[in-house]
Amino acid sequence: MPNWGGGAKCGACEKTVYHAEEIQCNGRSFHKSCFLCMACRKALDSTTVAAHESEIYCKTCYGRKYGPKGVGFGQGAGCLSTDTGEHLGLNLQQGSPKPARPSTPTNASKFAKKMVDVDKCPRCGKSVYAAEKIMGGGKPWHKSCFRCAICGKSLESTNVTDKDGELYCKVCYAKNFGPKGIGFGGLTQVEKKE
């Protein structure tokens, strides 16, 4: 039967995937929201996906299921991992994963689940989404909140300085927290003591 007016079918949910929401992997199409590890349900992208036949996994779960086993194949130098991945739905003894997807829909929507992991801006306290995120001082900021705490100047990676979780331009930081005295921009003339 022809597929009138639609795109390919999603490899996870079998619904139509339109071009604007399509991610392709191993010749199959997925919705962005369905492009999840089959074991732990983490969101995947082109750098974190590992495919095995028609299944997609994050690299960690793929390594647990299909990677080498035994002493010396831990996750770090000199590490021996006893994690079998059973808590992720992997059953390594039988070689087949437990069903990772419930057969009936859950009450929480996918949108609500994604909202839990959204970072908060330290300046305004609102959610910071990937499209508007700027990292500074190890924290995510809105582009509009990425300003000097003293003068309000818009900051960039070349002129930002952080102190105690707050952002400053280099000029304000030097005036308020830098060294004081002649030659440091703080004093212009010597005061005589009488």
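Buried means under 20% relative accessible area, exposed over 50%, and partly exposed in between, using a 1.4 Å probe and protein chains only.

## Model and confidence

This is a predicted model; local features need pLDDT of at least 70, side-chain atom pairs count only at pLDDT 80 or more, and totals for chains, interfaces and linings use all residues. Residues are numbered from 1 along each chain as its sequence is written, and side-chain values use heavy atoms, with hydrogens and water left out.

The pLDDT is the predictor's confidence in each residue, from 0 to 100. Its average over the protein is 75. Of the residues, 64% score at least 70. Helices (H or I, at least four residues) and strands (E, at least two) are DSSP runs, numbered from the N terminus. Among these elements, helix 2 (residues 110–115) has the lowest mean pLDDT, 52. Strand 12 has the highest, 90. Over residues 94–99 the pLDDT stays under 50. For that stretch the model has 8 contacts (heavy atoms within 4.5 Å) beyond four places in sequence.

## Salt bridges

A salt bridge is a side-chain nitrogen of Lys or Arg within 4 Å of a carboxyl oxygen of Asp or Glu. The whole structure holds 3 of them. One joins D119 and K133, at 3.1 Å from N to O. This pair links distant parts of the chain: D119 sits in strand 7 (residues 119–120) and K133 in strand 9 (residues 133–136), 14 residues apart. D119 is partly exposed, at 30% relative accessible area. K133 is also partly exposed, at 33%.

R123 and E166 form another, at 2.2 Å from N to O. They too link distant parts of the chain, 43 residues apart. R123 lies in the loop between strand 7 and strand 8 (127–128), while E166 belongs to strand 12 (residues 166–169). R123 is partly exposed, with a relative accessible area of 31%. E166 is partly exposed as well, at 24%. K163 and D164 also meet in a salt bridge, at 3.9 Å from N to O. K163 is partly exposed because its relative accessible area is 29%. D164 is exposed, at 73%.

## Nonpolar cores

A nonpolar core is a set of buried Ala, Val, Leu, Ile, Met, Phe, Trp, Tyr and Cys residues joined through side-chain atoms within 4.5 Å. The largest one has 15 residues. F30, F35, C37, L44 and I56 have the most contacts inside it. Strand 6 gives the most to this core, with 3 residues. Leaving out residues up to four places away in sequence, C37 touches K42, L44, I56, Y57, C58 and C61.

A second, separate core has 11 residues. Among them are W141, C145, L155 and C172.

Helix 1 (residues 59–66) has C61, R64 and K65 as its buried residues. They lie on the same side of the helix because they cover an arc of only 90 degrees around the axis, taken from the directions from the helix axis to the C-beta atoms. Strand 6 (55–58) is part of what covers them.

H52 is found in strand 5 (residues 49–52). H52 counts as partly exposed, at 23% relative accessibility. Not counting residues up to four places away in sequence, H52 touches Y62 and Y66. The C-alpha atoms of H52 and Y62 are separated by 8.2 Å, with the two residues 10 apart along the chain.

## Hairpin and positive phi

Strand 3 (residues 22–25) and strand 4 (residues 28–31) pair in the antiparallel sense over 4 bridges. Pairing requires that DSSP finds at least two bridges between two strands. E22 has H31 in strand 4 as its bridge partner. The two strands form a hairpin with 2 residues between them. In the turn, N26 has a positive phi of about 55 degrees.

Most residues other than glycine have a negative phi. E14 is not a glycine, yet has a positive phi of about 65 degrees. E14 lies in the loop between strand 1 (8–9) and strand 2 (16–17), and is exposed, at 51% relative accessibility. R41 has a positive phi near 70 degrees. R41 lies in the loop between strand 4 and strand 5, and is partly exposed, at 33%.
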